[in-house]
Amino acid sequence: METLLLSDSEEQLEIAAKLIQDGEIVGIPTETVYGLGADASNEEAVRSVFAAKGRPADNPLIVHLAYFSDAEKYTRHIPKLAYRLAGHFCPGPLTIVLPKNDRIPMVTSGGLDTVGIRVPSHPVMHRIIELSGCPIAAPSANASGYPSTTTAKHVISDMDGKIAAVVDGGQSEYGVESTVIAIEDEDTVRILRPGCVTREMLLKHCGNVIIDPAILHDLAEGQKAASPGMKYKHYSPKADIIMVESSLEDFTDYVGKKGGDEVFSLIFDGDEKDFPYRHMTYGGDSLSQAHLLFQRLRELDDIGAKKVYVRAPQADGVGLAVYNRLIRAAGFEVIRI
Ligand code: TXA
Ligand code: MG
């Protein structure tokens with residue numbers, strides 16, 4: 001299959017929407033990362049998404065809608081707190097897990113009786129949903145286990161020949177996937193995956209926010225994940241990633257003792273003045289780190305890095321999302337100095 005590269009013009013978006021209606025998979029831009037979009041109600045189309053990614057069948061897909069009010073068509077019940085949070089954060093990088101109805105097939109929900117609902121703010125994604133008239137199931141558009149994609153070029157590099165088309169909507173604004181939450185009770189949410197809607201932002205609109213333990217820790221053998229995606233190795237480039245929590249001075253000493261031709265460091269903007277070893281920078285504040293992280297992990301592979309020491313970000317605010325992706329990319333290998 002030849003993968004078409006489409007622009008974001010109205011005519012090309014009509015082609016993308018038609019492909020989705022016909023049960024094909026289209027790479028689509030969102031404000032978080034690119035997605036592999038298919039009609040969420042078409043079991044065969046959804047099966048082909050799992051196949052294209054090489055994704056385990058029990059890892060559910062998020063369903064993307066044009067408006068949060070459309071969630072009423074696909075769920076059994078929407079708690080008041082979900083409406084309240086949607087009022088503040090939708091459209092945007094938030095996914096709310098709700099009890100699903102029969103219009104969402106079990107293949108889409110990975111066998112769960114819930115569905116993650118997201119209303120993307122990216123105008124191109126919004127338009128594709130409207131034109132297709134379909135609820136769009138879309139996992140991140142990367143080969144399973146590999147870093148997510150934030151440009152159309154990355155999608156082509158992972159998916160060429162496996163999907164019908166990719167729509168180029170520019171570089172993703174946030175760069176990490178949406179915050180996934182479950183509603184625990186009238187005033188409590190649980191963050192299943194951290195993103196750019198932070199715990200602090202959610203706390204302005206509800207009483208309690210629980211951070212699921214799987215966000216920062218490896219699950220013990222036999223432990224059940226509230227979000228199935230948390231149990232899989234993730235976001236890993238080919239290079240071996242090692243996180244280092246330390247001052248810049250200790251980081252520099254540590255890396256200096258490692259040496260070797262294929263060793264690189266991923267450091268913060270501003271660190272490079274006093275850092276004599278091979279490196280890339282990935283932003284100063286948490287938002288720019290989120291924006292750049294996956295792109296840098298891919299670039300490190302492109303230049304043939306075999307081992308990458310990464311300065312660990314602060315694990316709060318948006319930094320919690322960056323930390324969560326990195327600790328998985330590192331297979332939970334963290335060096336604390
Ligand atoms: O920003 C995003 O969320 C991107 C863009 C394309 O929208 N999508 C994305 O999808 O990151 P994916 O499939 O790569 O990650 C979805 C995560 C997985 O960890 C999955 O286990 C979890 O959300 N998830 C989805 N539905 C769920 C459900 N019903 N209950 C619990 N976790 C769920
Ligand atoms: Mg993903």
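**Entry 1: the model.** I remind myself before anything else that this is a predicted model.

**Entry 2: around ligand 1.** Which residues are closest to ligand 1? I looked up the shell and found T32, N59, H64, S178 and G229 named as the closest. In total, 27 residues surround ligand 1. By type, I noted 13 nonpolar, 10 polar and 4 charged residues in that shell.

**Entry 3: polar contacts of ligand 1.** I went through side chains that meet an oxygen atom of the ligand. S178, already on my list of the closest residues, places a polar side-chain atom 2.6 Å from an oxygen atom of ligand 1. For R55, I read 2.8 Å between a polar side-chain atom and an oxygen atom of ligand 1. R193 has a side-chain N or O atom 2.9 Å from an oxygen atom of ligand 1. Then I checked the cover: ligand 1 taken alone exposes 680 Å², and the protein buries 97% of that.

**Entry 4: which elements form the shell.** I asked myself which strands each supply at least two residues of the shell around ligand 1. They are β4 (62-64), β6 (114-118) and β10 (188-193). H64 falls within the range of β4, and R193 within that of β10. β6 gives the most to the shell, with 4 residues.

**Entry 5: the largest pocket.** Where does ligand 1 sit? I find ligand 1 in the largest pocket. I wrote down a volume of about 900 Å³ for that pocket. Its lining has 50 residues, and R55, N59, P60, S227 and G229 lie nearest the centre. The elements giving two or more residues to this lining are β4, β5 (94-99), β6, β9 (179-185) and β10. β6 turns up again here, with the largest share of the lining at 4 residues. I sorted the lining by type as well: 20 nonpolar, 19 polar and 11 charged.

**Entry 6: the second largest pocket.** I moved on to the second largest pocket, which has a volume of about 220 Å³. Its lining includes Y146, K153, H154, D158 and K238, along with R298, E299, D301 and D302. Which elements give two or more residues to this lining? I noted α5 (152-159) and α8 (286-302). α8 gives the most, with 5 residues. The lining divides into 1 nonpolar, 4 polar and 7 charged residues.

**Entry 7: a cis peptide bond.** I then turned to the backbone. Which two residues does a cis peptide bond join? The pair is C90 and P91, with omega about 0 degrees. I placed P91 in the loop between α3 (80-89) and β5. β5 was already in my notes as a contributor to the lining of the largest pocket.

Entry 8: I located F332 in the loop between α9 (319-329) and β16 (334-336).

Key: Residues numbered from 1 in each chain as written. Chains lettered and ligands numbered in written order. Predicted model: local features only at pLDDT ≥ 70, side-chain atom pairs only at ≥ 80, totals over all residues. Heavy atoms only, no water. Near = heavy atom within 4 Å. Polar contact = N/O pair within 3.5 Å; in protein donor to acceptor, adjacent residues only side chain to side chain. Areas by Shrake-Rupley, 256 points an atom, 1.4 Å probe, with all protein chains shown as cover. 1 Å grid on protein atoms, 1.4 Å probe; cavity = no way out; pocket = protein on both sides within 12 Å on 5 of 7 lines; lining within 4 Å. Sits in = over half its atoms within 2 Å of the grid points. Nonpolar A, V, L, I, M, F, W, Y, C, P; charged D, E, K, R; others polar. Points joined across faces, edges and corners; volume = space filled by probe spheres on them.
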